[in-house]
Amino acid sequence: MMGKLLTADFLKIKRKGLWFLTALGPLGVVALQTVNYGIRKDYLLQQSEDDWGYYLGNVHSFTPLALILGIAILTSFMASIENETNAWKQLIVLPVSKLTVYLSKFTVLTILLFVSSSLLMVFALAHGMFLDLGENIPYMELVKSSYYPFLASLPVLALQLWIATVSQNQAIPITAGVFGVIFAFSAYKLPDWMIWKWPSLMNEWDEPIINVALGIGVGVLLYIVGMIDFTRRDVK
């Protein structure tokens, strides 16, 4: 039954622009560096002896913002699709539990973000090679800079999905998402315990893996809390 729900959810988003948004985020992040390096490549290459590392740092500076904004938009669109067609009630009358319905939504969104992170890695690699930053490509750093922010952002995904599924008005999750983007933009000023800081991979220990571990752990916790709350509420 879970497989059928996932198939149905992917069919629902097929013509809703979610796949386009999934690709637009990473493309936009790399496009900013295309402009950046196109205008002042010589200056940027003088800033560090590690051209690839400096380039990936520039790409990463915009990744958390794109992730947080993308999560807000995708979760709101996902819930809106169900609200517009009154599909929540139709889903619940089927021989499936609310737990499975909620898990399906979360799984689809997680897959979309994983694909987006994978595209970011591909686009960043292709652009870096086009810039001729050197033959010693730091593949491991490229993987980390692409997937670590995604894993660290799981609590934001769980929270936004929770808000989106229980809100009658999708202006509420969008507003929460805008505040999230503002927090992500000011990540260097935020305390380490705020979930919107974690995708930046910054912390007082200078260990990005801590943010990843917290993201996975707290993300699972918030997902469980949101799922339990969803199952206890009346279907909209």
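Helices here (H or I, at least four residues) are DSSP runs, numbered from the N terminus, as are strands (E, at least two). The model is a predicted one, so local features need pLDDT of at least 70 and side-chain atom pairs count only at pLDDT 80 or more, while totals for chains, interfaces and linings use all residues. Residues are numbered from 1 along each chain as its sequence is written, and side-chain values use heavy atoms, with hydrogens and water left out.

Asn-211 is buried at 1% relative accessibility; buried means under 20% relative accessible area, exposed over 50%, and partly exposed in between (1.4 Å probe, protein chains only). Setting aside neighbours within four places in sequence, Asn-211 is in contact with Ala-152, Lys-197, Trp-198, Leu-201, Met-202 and Asn-203, where contact means heavy atoms within 4.5 Å. With Asn-203 there is also a side-chain polar contact of 2.6 Å. A polar contact is a pair of N or O atoms within 3.5 Å; within protein, one must be able to donate a hydrogen and the other to accept it, and residues adjacent in sequence count only if both atoms are side-chain atoms.

Lys-197, one of the residues touching Asn-211, is itself buried, with a relative accessible area of 7%. The side chain of Lys-197 also meets that of Asp-192 in a salt bridge of 2.8 Å, N to O. A salt bridge is a side-chain nitrogen of Lys or Arg within 4 Å of a carboxyl oxygen of Asp or Glu. Searching the whole structure turns up three salt bridges. Another of them pairs Asp-9 with Lys-105, their closest N and O atoms 2.6 Å apart. This pair ties together distant parts of the chain, with Asp-9 in helix H1 (residues 2–12) and Lys-105 in helix H6, 96 residues apart. Both ends are tucked away: Asp-9 is buried at 3% relative accessible area, and Lys-105 is buried at 1%. Then there is Glu-141 with Lys-144, at 4.0 Å, N to O. These two share helix H7 (residues 139–152) and sit three residues apart, about one turn of the helix. An α-helix has 3.6 residues a turn, so residues three or four places apart point the same way. Here Glu-141 is partly exposed at 43%, and Lys-144 is partly exposed at 28%.

Helix H2 (residues 18–45) has a kink of about 80°, centred on Ile-39; the bend at a residue is the angle between axes fitted to the seven residues ending there and the seven starting there. Its buried residues include Thr-22, Gln-33, Asn-36 and Tyr-37. Thr-22, at 3% relative accessibility, touches Leu-74, Leu-112, Val-115, Ser-116 and Leu-119, not counting residues up to four places away in sequence. Gln-33, Asn-36 and Tyr-37 are the contacts of Asn-58 beyond four places in sequence. Asn-58 lies in helix H3 (residues 51–60) and is buried at 16%, and its side chain makes a polar contact of 3.5 Å with that of Tyr-37.

Out on the surface, Ile-174, Val-178, Phe-179 and Ile-182 make up a nonpolar patch with about 350 Å² of accessible area together. Patches are made of residues with over 30% relative accessible area and no salt bridge, joining like charges within 9 Å and nonpolar side chains (Val, Leu, Ile, Met, Phe, Trp, Tyr) within 5 Å. Accessible areas come from the Shrake-Rupley method with a 1.4 Å probe, and for residues only the protein chains shown count as cover. Ile-174 belongs to helix H9 (residues 171–185) and is partly exposed at 35%.
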